[in-house]
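Work through the exercises below with the model open. Each task is followed by a solution in steps.

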2 protein chains.
Amino acid sequence: MNNELITSLIEEVTRRALLETGVEVEASGRHVHLDRETVDALFGPGYELTHFRDLSQPGQYVCKERISIVGPKSVIHNVVILGPIRKKTQVEISSTDGTALGIKAPVRESGDIAGTPGILLLSAKNSVQLSEGLIVAKRHIHMTPADAEKQQVSQSEIVQVKINGDRPLIFDDVVVRISPDFATYMHIDYDEANACGFKKGIRGQIIKKTKAK
Amino acid sequence: MNNELITSLIEEVTRRALLETGVEVEASGRHVHLDRETVDALFGPGYELTHFRDLSQPGQYVCKERISIVGPKSVIHNVVILGPIRKKTQVEISSTDGTALGIKAPVRESGDIAGTPGILLLSAKNSVQLSEGLIVAKRHIHMTPADAEKQQVSQSEIVQVKINGDRPLIFDDVVVRISPDFATYMHIDYDEANACGFKKGIRGQIIKKTKAK
């Protein structure tokens, strides 16, 4: 075999091996989850949000409708609404967005919104002042039970994830959530994506913080 | 001793020990370094930039003058000029800025601008179209020879740096630059600062990638 062939074989085998290990990373842009009450207030009683595009997580989708979020320092227009509706309205932004808006949002796991700041939501029809719900989403991994077994991680385990992007780094304190309703993806926000040189399809290698039993 | 006293003693000793180890981290906002030719074009022949505030690196300072940088998608106003003037004009932005401007800037070490995109600079008086010089600064550590000896790192060594912020992570691929003209600080940009939960005064612990000799 010539050198060129050997090189391309090595590259292909490495690529396939890496596909088998680790998890694909997705960068989440700013978005809102709305509850029934907020949808009613923003779009009218009983309004049904329009499915626009499926997300990687089964049953989750981008809606056609967009809203604005209003802070003391600026307004961010065209914010994506994710469906289906949730029990509690929640707005997920990056720290960069928080600085632009003029509101400091804490880093929280999705759903953990007690004591977080509120924000003003704006549709073409109406506005809603939230009393809480503005967060920077804590980085996390959604994982199927099968992948959890392969990766030898358990429910709510905290792991490190190594990203070999243009700006390699190791995310520490990454929580793993396991459910048969999930597809296996790590979610980071755009600040984290920019900090690691994220490109679509990039994969993270899981590093266990405690030895596997 | 009561428990409260023990707790506060432990906290104080830990704090002092950590001050002795690792390096202080600074987040660099977007800024430009200008060469003589660009200063002349933007502010008039022979113009001297006005010292406004010293930076942590000896001899480096923020100037009173500001400029705008213009991309195809947006303009960023009020961009800081750092003095003194350099041999080559260089514009350092975050990836977030690049997305807003509509120009993708590569991650580069300061000074390594060959083949990078240009950008339009704008003062109240004039504009200058750069043919190159737009970069996202590669994370790095400035270090004094004394601190390099203490940390057991050598010129241009690549290390990891662990940051225990609100969003703990380990920066990989961090280059150490050693000079008696430096003060010891790690520099990251605002995307990286937001990704690790940066707060002023935060310190990073150096992790060697190869065993110390």
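**Exercise 1. Cysteines**

Is Cys63(B) buried or exposed?

Solution. Step 1: buried means under 20% relative accessible area, exposed over 50%, and partly exposed in between, with a 1.4 Å probe and protein chains only. Cys63(B) has a relative accessible area of 1%, so Cys63(B) is buried. Step 2: a disulfide is a pair of cysteine sulfur atoms within 2.5 Å. Step 3: for Cys196(B), the nearest cysteine sulfur belongs to Cys196(A) and is 13 Å away, and Cys196(B) is in no disulfide. Cys196(B) is also buried, because its relative accessibility is 1%.

The model is predicted: local features need pLDDT of at least 70, side-chain atom pairs count only at pLDDT 80 or more, and totals for chains, interfaces and linings use all residues. Residues are numbered from 1 along each chain as its sequence is written, chains are lettered from A and ligands numbered from 1 in the order in which they are written, and side-chain values use heavy atoms, with hydrogens and water left out.

**Exercise 2. Helix 2 of chain A**

Which residues of helix 2 of chain A are buried, and what covers them?

Solution. Step 1: helices (H or I, at least four residues) and strands (E, at least two) are DSSP runs, numbered from the N terminus. Helix 2 of chain A spans residues 36-43, and its residues Thr38(A), Val39(A), Leu42(A) and Phe43(A) are buried. Step 2: these residues lie on the same side of helix 2 of chain A because they cover an arc of only 100 degrees around the axis, the arc being that of the directions from the helix axis to the C-beta atoms. Step 3: the cover, judged by contact (heavy atoms within 4.5 Å), includes strand 2 (31-35), strand 4 (61-70) and strand 5 (75-86) of chain A, among others. Step 4: after helix 2 of chain A comes Gly44(A), with a positive phi near 110 degrees.

**Exercise 3. Strand 15 of chain B**

In which sense does strand 15 of chain B pair with strand 1 of chain B and with strand 12 of chain B?

Solution. Step 1: two strands pair if DSSP finds at least two bridges between them. Step 2: strand 1 (residues 23-28) and strand 15 (residues 203-208) of chain B are antiparallel, over two bridges; Glu24(B) stands opposite Arg203(B). Step 3: strand 12 (residues 158-163) of chain B pairs with strand 15 of chain B in the antiparallel sense over five bridges, and Ile163(B) stands opposite Gly204(B).
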